[in-house]
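Here are a few notes for a first look. Please keep the structure open while reading.

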Amino acid sequence: MINARANYISRIKSIIFCLENQSLYSDFMIDRPHLEINLQHNLQAQLLRNGLVISIFCYLEDFIKNRVNECINELPSIYNHFSNIPTKELKNRLTYSTLEGIAKRSATLKINSNETSLYNFIQNETKHISSTLLQPFSTSSFAFGWSKENINSTDIKMIFQEFFIKDFWGKVNLLSSYINSTLISAENDFKNIMKSRHKAAHVANTVIASNTLFELAKSSFIIAFCCDYYISKSIKLMAAN
């Protein structure tokens, strides 16, 4: 099965290819002079840029959700009994927060799927919550990031805090400087990616410049790298202790 990291790298490579190889496709995302003859081209370029902005945020959000849930799924191998989990925040994550995620996903399936699929989903996922009474217990892949439409910067900060990483966004700023890809404010960069996504998705006349796409893609990759680094480091330390 493709893991979150491999999936994200494959996706972001496709974004980078589009941005770096526009000349192969007649600069399909770059506006031409504002003349009537170029009107159709520019409208298509605007549409494609807006679509890429949506994809940049979608790929980043999906990676963070899946990578965090992969690490949550490692908790049963670290703590052989639910009562051994050291914090109420993580216990809440595996029970109440998981239930919220399952409920939200179930509401979507109720609209878009058949009854059998809905019932199977609920039965298969809620058994993870009830398993916290047993030894060993199991975890759901809907423990983080599924209780609402999109995760935000506060959601990310809080989940990393649950994994004993305080001041997450400050740490991302620091790590980005170590890898010579300094982000002045990683949290603001994430907010800008999210804001650009929402505008592109919901405001028809949104115009995203080509150079803005490069910056958003770069920031998203750095944020994803830092998320992976810190959550991986945390789960290893939890296992060692």
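Is Asp31 buried, partly exposed or exposed? Asp31 is partly exposed, because its relative accessible area is 35%. Keep in mind that this is a predicted model.

1. Start with the partner of Asp31. The side chains of Asp31 and Arg49 form a salt bridge, 3.3 Å from N to O. Arg49 sits in helix H2, while Asp31 is in the loop between H1 and H2, 18 residues apart. Arg49 is buried, at 2% relative accessibility.

2. Helix H2 has another link, this time to helix H1. Asp62 and Arg11 form a salt bridge, with the closest N and O atoms 2.7 Å apart. Asp62 is in H2 and Arg11 in H1 (residues 4–20), 51 residues apart. Asp62 is partly exposed at 22%, and Arg11 is partly exposed at 26%.

3. Now look at Arg93 and Glu162. Their side chains meet in a salt bridge of 2.8 Å, N to O. Arg93 belongs to helix H4 and Glu162 to helix H7, so the pair ties together parts 69 residues apart in sequence. Arg93 is buried at 11%. Glu162 is buried at 13%.

4. The whole structure has 9 salt bridges. Arg5, Arg67, Glu70 and Asp228 are linked in a salt-bridge network.

5. Next, helix packing. The axes of H2 (residues 39–72) and H9 come within 8 Å and cross at roughly 130 degrees. The two helices are therefore oblique to each other. The crossing is left-handed.

6. Finally, the surface. Leu174, Tyr178, Ile179, Phe225 and Tyr229 form a nonpolar patch with about 500 Å² of accessible area together. Helices H8 and H10 each give two or more residues to the patch. Ile179 lies in the loop between H8 and H9.

Note on methods. Residues numbered from 1 in each chain as written. Predicted model: local features only at pLDDT ≥ 70, side-chain atom pairs only at ≥ 80, totals over all residues. Heavy atoms only, no water. Patch = residues over 30% accessible without salt bridge, like charges linked within 9 Å, V, L, I, M, F, W, Y side chains within 5 Å. Areas by Shrake-Rupley, 256 points an atom, 1.4 Å probe, with all protein chains shown as cover. Salt bridge = Lys/Arg side-chain N within 4 Å of Asp/Glu carboxyl O. Helix = DSSP H or I, 4+ residues; strand = E, 2+ residues; numbered from the N terminus. Axes fitted to C-alpha atoms, helices over the stretch in contact; angles between N-to-C directions. Parallel < 35°, antiparallel > 145°, perpendicular 65-115°, else oblique. Left-handed = near helix turned anticlockwise from the far one by under 90°. Buried < 20%, exposed > 50% of the residue type's maximum accessible area, 1.4 Å probe, protein only.
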